[in-house]
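Hi,

Here is the structure I promised to pass on. My notes on it follow below.

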Amino acid sequence: MPLFPNADLHSHSTHSDGALAPAEVAALAQAGGVDLWALTDHDTLAGQALAREAALDLGLAWVGGVEISVSFLTETIHVLGLGVDVADATLDAGLAHLRAGRVARAQAMGQSLARAGIRGAFEGAAALAPNLPSISRTHFARWLVQTGHAPSVGEVFHHYLRSGKPGYVPHTWATLGAAVGWIRRAGGVAVIAHPGRYRLGLSGENALLAAFTDLGGAGIEVVCGSHSPAEVQLAAQQARTWGLAASRGSDFHAPDESRVLPGMLAALPPQLTPVWQRAPLAQAVACARA
Ligand code: AMP
Ligand code: MN
Ligand code: MN
Ligand code: MN
């Protein structure tokens, strides 16, 4: 029996570090059999109106989405806001404040790479960022691949853009409390994105999950494009232990960069409450079923 809903609640467009416009991501989602879709650009709602319009044209159920960058202990954590009101002024203002630091950080990354002998990285990355205020490490990664410094985006992160590498510039993002607060006040569900990616250690992970649930965070991404099967099982266990709803999303960025295309993901493991059974996502699923 086909999976229903085939929910893909994590994807990116040219409004952050994705390579395709919102309507193109929507079309790929529909081609991948997605029934419930969210575009979750980093720290911006700029693509949401186009995403909603494209979804409507395609008959695809859609909820508002965003992926917020958060500094927690020594790590950058990503928190998804699903089902948010995309016209919420407080959320929009908070995100605008977060984005304000991106260009200055990118300039510092360019200077740091120049000291390592790679010149012109800021200008190169900026030329690849259709929305300069949303410039990200991904744009640097693409430029470094195009100029032959590394064979793939993944390799660039490994050699240049991770903490301790020449292109890495530390940055302070939102607090966990601010991010969860903006999402909840905008009517959305806060979900910890790709928990398998963080290197917090066991006590740091528990501190994150305790703080997140205390703040009213309600979900965790269990099945996602960057999780190995073991990471899926670990996230599922964390969801059960902490009473969090489980989410599913490809984290699609570009056809030639993403491990999975929208919708092409495994089903959630058993004994989990899917995040799409929670308001306001449940309403969108009911529309998709009708
Ligand atoms: P930023 O928000 O500018 O720090 O950029 C973070 C983005 O870089 C993430 O959203 C991913 O799209 C991308 N990214 C981070 N680590 C990796 C990695 N190891 N391989 C590929 N992309 C990565
Ligand atoms: Mn990204
Ligand atoms: Mn992320
Ligand atoms: Mn993402």
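First, the angle classes: under 35 degrees counts as roughly parallel, over 145 as roughly antiparallel, 65 to 115 as roughly perpendicular, and the rest as oblique. This is a predicted model, where local features need pLDDT of at least 70 and side-chain atom pairs pLDDT 80 or more, while totals for chains, interfaces and linings use all residues. Residues are numbered from 1 along each chain as its sequence is written, and side-chain values use heavy atoms, with hydrogens and water left out.

Now the helices (DSSP runs of H or I, at least four residues, numbered from the N terminus). H6 (residues 137–146) and H7 (residues 153–161) have axes that come within 9 Å and cross at roughly 105 degrees, so the two helices are roughly perpendicular to each other. Axes here are lines fitted to C-alpha atoms over the stretch in contact, with angles from 0 to 180 degrees between N-to-C directions. In H6, residues including Phe140, Leu144 and Val145 meet H7 residues, among them Val156, Phe157 and Tyr160; contact means heavy atoms within 4.5 Å.

On to the domains, with bounds from an automatic or database assignment: domain 1 is 7–94 + 173–289 and domain 2 is 100–161. Their C-alpha centres lie 25 Å apart. The contact takes 14 residues from domain 1 and ten from domain 2.

Two salt bridges are counted between domain 1 and domain 2, each a side-chain nitrogen of Lys or Arg within 4 Å of a carboxyl oxygen of Asp or Glu. The side chains of Arg102 and Asp43 meet in a salt bridge at 3.1 Å, N to O.

Cheers

How values were computed:
Chains lettered and ligands numbered in written order.
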